Structure formats: C-alpha cells, structure tokens
Amino acid sequence: MAKAGKKRIGLILASIHKGSAQNVWSSFAREAAAEDAALFVFPGGELNSPTDLDYLRNPIFSLVNPHNLDGLISWSSAIGNVISPEEFRAFHESFASLPYVTIARKVPGRPCVQFDAYQGMKNLTSHFIHEHGARKIAFLRGPEPHVSAMDRFNGYRDAFAEAGLLYNEALITDPMGWEMGAAACAQLVEDRGLLPGRDFDTLIGSSDMMALPAIQYLSKLGYSTPGDYRAGGFNNTIESKILSPPLSTVHMPYAELSGESFKILKGLFESRRGGDIQDVVLDCEVVIRESCGCPGERPEGESIEALIRSLKEQEHSATHAQYQREKWHTALYFLICVLFF
C-alpha cells in the first residue's frame, strides 16, 4: 500500500511480459522509486483485440479512476491499435478527470512523449547499406494499424531512397503481429521461395520480438548470422542481448520515456492544463552488435550472466531457452516486489 502523501501514478499498457513491455514497466518502476511515488501497473491487454485473448483483460482498465490514482501514464500505442480513432480518443477521455500523459500515440489536446522510431529504423537500415554494402534487405513488417510499426517501415523504405537505391517489394512481408516473426519469415522462404545469402543478404524485423523467432526459424534450416545473412531488430530488448550472436537493433529510450512522462505529470499537477505542456520527441539510437558482422560493443562489466541475473536475482545458466521458461515468473516476481508498495 502506498505511504500517505505519495502521489499514486497509474501506468496502463498491454502487458508486462512481452517484448519491450518488460523494459517499459521496469523503467517506470525505477523512476517512480526515484520520485518517491507509488506506481500501479494495469496490464489490461490490447483494446478489443480480435486475434488473441487480450480483450479478456480489458476490464482491468476500469480500476483506473480518481479514487485510486492521482495521475496516469498511458502506453497508448500498445493498447489502441485495433480500435477506431474515435474509440481510442473516447477511451482516454474517460480518464479526463485525471492528469495524464500518453506515450508514442497522441490524444488530441493531451501531452505526449514520443520516440523517433522512423529515424531509428532509417539509421539502422542505412548502416547495413553503407557499412556492409547490403542491397537485398528483407523486412518483416509489424501490425499495420500500429503507428510506430508504420514509422519503422517508412524509415526502412526511405533509407533506400536516400541512398539512391530501389527496394524490392518481394523482400517485404505482409503486415503481421509482433509475435508472428517466424510466420513472416516463412512467408519469405516457403511462400516466395527466397533464401538467405542468395535472395536476401540482410533480415530486419520491425521489432526484436519479430526478428528473434525469424532467426530461430532460419537456424533450423541451417542458416546463421552473420555468416549467411545479417540481422537487425528494434527495441533493444533483453532477448536481443542474450541471442548468440547478439542482435544489432535500435534502442528505445526507456529511461528517458519514463523520466519525461513523470516530468510532464508534475507540470500537470501544478497547472491541470495539458494543452499548455509541449510534447516531447526522443531520439532512438542504433546499437551495433555481432549479428550484422560488426564487432559488438558491450558495456564494461556487462555479461550474458549479468543480464540474466538482473531479471531473476540469482545465477543460472544463460541460455535463451531457460530465459523463456523463467520470463513469466520473473515478471510476476518483480510486479509483486517492486511496484506495489
């Protein structure tokens, strides 16, 4: 239970256990602790999602109200991709009695903290083009309604245009869900008959979450990075670091997102006028690792074992398979021990 006098801040997002969500909520937990605020997380799933069971968790969002909270942060791009713009706005305006800020997708008239996914993906694609001479770059598209997924796709395409090159439509998959990386890769290989090394020299996923299963799919066929093809992703998730070889990717500025969100909330607590507060756009930096053929740079003292310990607070063998088995338990452990205090 929150101590008397602490601001009660809510964070609504789709999940706490998949892809970038693991980094997102934990960065907000650290920021809340630094601000001496009580953070309450509402992982209510994607709104009205027809493709999975996320909608069963949507009632969690009904707990977001002024009786329980003093302010709210919405990871809006993660929860509102399959609903209409009108439904998206109506959902957030139901919280109008609370000061709130959105992340990555703006609600008109409300402050938003955004990250420049377009430029981040453009810079990563340009790295492959200019540093490695890549010309046949396959791209796994993310979900079509997702604003950031479209920004990443546009960044990929514009990197070719800026280099004076044409991209090959056959190397671009149909838009698919974040968890469908293997299926997207199968579309290239099985449906279109394209093979690494021969038909594409590089594979980029719209997210690490897509790139990793695609790499595993190709590994089962006998192909590996960076020998047969180069690989890249987006989000700089923990999985990208423990992959062998580690994945080149684009870093989402998690710490800055949480810091700027709390800073905006402070301003809202003082003024209560969201329209007076400017939106913030943060840069996304390219992180170069061994999957693209470059010598990767790992911060001094950081090891695969240390990355695993940071999740579980105990030593164990750093294998991707074990990490997958521990992931759910870890998320719940941290949620209980760190967030609700």
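**First stop: a pair of charged side chains**

Select arginine 230, which counts as buried at 18% relative accessibility; here buried means under 20% relative accessible area, exposed means over 50%, and partly exposed is in between, with a 1.4 Å probe and protein chains only. This is a predicted model, in which local features need pLDDT of at least 70 and side-chain atom pairs count only at pLDDT 80 or more, while totals for chains, interfaces and linings use all residues. Residues are numbered from 1 along each chain as its sequence is written, and side-chain values use heavy atoms, with hydrogens and water left out.

A salt bridge is a side-chain nitrogen of Lys or Arg within 4 Å of a carboxyl oxygen of Asp or Glu. Because aspartate 201 lies in the loop between H6 and S7 and arginine 230 in strand S8 (residues 230-232), the pair ties together parts that are 29 residues apart in sequence. Helices (H or I, at least four residues) and strands (E, at least two) are DSSP runs, numbered from the N terminus. Aspartate 201 is also buried, with a relative accessible area of 17%.

**Second stop: the sheet around S7**

Select S6, S7 and S8 together: these three strands form an open sheet in the order S6-S7-S8, with parallel pairing, where two strands pair if DSSP finds at least two bridges between them. Strand S6 (137-140) and S8 stand at the edges with a single partner strand each, so one side of each is left without a neighbour in the sheet. From one strand to the next, the twist averages 15 degrees.

Look next at S7 and S8, which pair in the parallel sense over three bridges, and then pick out isoleucine 204, which stands opposite glycine 232 in S8.

Which strands does helix H4 lie across? Select residues 117-132 to see that H4 lies across S6, S7 and S8, running at about 170 degrees to S7. Such angles run from 0 to 180 degrees between N-to-C directions, and the axes are lines fitted to C-alpha atoms, for helices over the stretch in contact, where contact means heavy atoms within 4.5 Å. Then select helix H7 (residues 208-220), which packs on the sheet and touches S6, S7 and S8, its direction making about 140 degrees with that of S7.

Select arginine 8 and aspartate 70, whose closest N and O atoms are 3.2 Å apart in a salt bridge. This pair links distant parts of the chain, since arginine 8 is in strand S1 (residues 8-13) and aspartate 70 is in the loop between strand S2 (38-43) and strand S3 (71-74), 62 residues apart. Arginine 8 is partly exposed, with a relative accessible area of 22%, and aspartate 70 is partly exposed as well, at 23%.

Move on to aspartate 174, which forms a salt bridge with arginine 192, the closest N and O atoms being 3.9 Å apart. Aspartate 174 is partly exposed, with a relative accessible area of 40%, and arginine 192 is partly exposed at 30%.

**Last stop: the whole chain**

Finally, show the whole chain, which has 11 helices and 11 strands, and in which buried residues make up 55% of the 341 residues.
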